[in-house]
Amino acid sequence: MVNLPIPHGMVTTGNDLHGYRVTRTLGIVRGITVRSRSVVGNIGAALQTLVGGNITIYTELCEKAREEAFELMLQHAAAMGANAVVAMRYDANDVAEGVTEVLSYGTAVQVEPAQT
């Protein structure tokens with residue numbers, strides 16, 4: 001059996017996926033990544049704080065970490081045989097100074113189009 005990638009449109013933060021019905025719940029899935037800020041990135045961010053506004057260096061770091069955790073979660077779900085993920089969430093924690101864990105998690109499910 002080949003585990004096809006789960007399209008991003010088949011992931012929701014809700015408990016159901018509009019237009020589909022859950023036929024099987026497979027369990028919790030997660031993707032985790034741990035990222036650190038580089039010395040150069042910290043210096044660049046410090047300079048941006050002097051100007052104020054969005055600190056783009058940190059924004060990009062956070063976005064990359066969330067994207068990686070999300071994709072790892074989708075891989076985990078596909079490996080379980082899911083074709084969708086419901087109740088998806090993100091969490092982040094500091095592991096050490098300058099080191100952050102980003103977790104993407106949800107419930108892997110199998111869905112089929114709802115009868116209309």
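This passage describes the fold, the surface and selected side-chain pairs of a predicted protein model.

Because the model is predicted, local features were taken only at pLDDT of at least 70 and side-chain atom pairs only at pLDDT 80 or more, whereas totals for chains, interfaces and linings use all residues. Residues are numbered from 1 along each chain as its sequence is written, and side-chain values rest on heavy atoms, with hydrogens and water left out.

The protein chain contains two helices and three strands. Helices (H or I, at least four residues) and strands (E, at least two) are DSSP runs, numbered from the N terminus. Read from the N terminus, the order of elements is β-α-α-β-β. Of the 116 residues in the protein chain, 29% are buried; buried means under 20% relative accessible area, exposed means over 50%, and partly exposed lies in between (1.4 Å probe, protein chains only). Contacts were defined by heavy atoms within 4.5 Å. Among contacts between residues at least 6 apart in sequence, 74% join residues at least 24 apart.

The three strands form an open sheet in the order S1-S3-S2, with antiparallel pairing. Strand S1 (20-36) and strand S2 (84-96) stand at the edges with a single partner strand each, so one side of each has no neighbour in the sheet. Neighbouring strands are turned by 10° against each other on average, direction ignored. Axes for such angles are lines fitted to C-alpha atoms, for helices over the stretch in contact, and angles run from 0 to 180 degrees between N-to-C directions. Two strands count as paired if DSSP finds at least two bridges between them.

Strand S1 pairs with strand S3 (residues 99-113) in the antiparallel sense over 15 bridges. Within this pairing, Ile28 stands opposite Thr107 in S3. Helix H2 (residues 56-79) packs on the sheet and touches S1, S2 and S3, and the direction of H2 makes about 140° with that of S1.

Ser104 lies in strand S3 and is buried, with a relative accessible area of 0%. Leaving aside residues up to four places away in sequence, Ser104 touches Val29, Arg30, Gly31, Ala69, Phe70, Met73, Met88, Arg89 and Tyr90. Leu61, in helix H2, is partly exposed at 24% relative accessible area. The C-alpha atoms of Leu61 and Arg35 are separated by 8.1 Å, although the two residues are 26 apart along the chain.

The accessible surface of the protein chain comes to about 7,500 Å², and 55% of this surface belongs to carbon and sulfur atoms. Accessible areas were computed by the Shrake-Rupley method with a 1.4 Å probe; for residues, only the protein chains shown count as cover. Ile32, Val34 and Val95 make a nonpolar surface patch of about 270 Å². Patches consist of residues with over 30% relative accessible area and no salt bridge, with like charges joined within 9 Å and nonpolar side chains (Val, Leu, Ile, Met, Phe, Trp, Tyr) within 5 Å. Val34, a residue of strand S1, counts as partly exposed at 48% relative accessibility.

Two salt bridges were found in a search of the whole structure. A salt bridge is a side-chain nitrogen of Lys or Arg within 4 Å of a carboxyl oxygen of Asp or Glu. One of them joins the side chains of Arg21 and Glu112 (2.7 Å, N to O). Since Arg21 lies in strand S1 and Glu112 in strand S3, this pair ties together parts that are 91 residues apart in sequence. Arg21 is partly exposed, with 42% relative accessible area, and Glu112 is partly exposed at 30%. Glu68 forms a salt bridge with Arg35, with the closest N and O atoms 2.3 Å apart. Glu68 belongs to helix H2 and Arg35 to strand S1, so the pair links parts that are 33 residues apart in sequence. Both residues are partly exposed, Glu68 with a relative accessible area of 32% and Arg35 with one of 26%.
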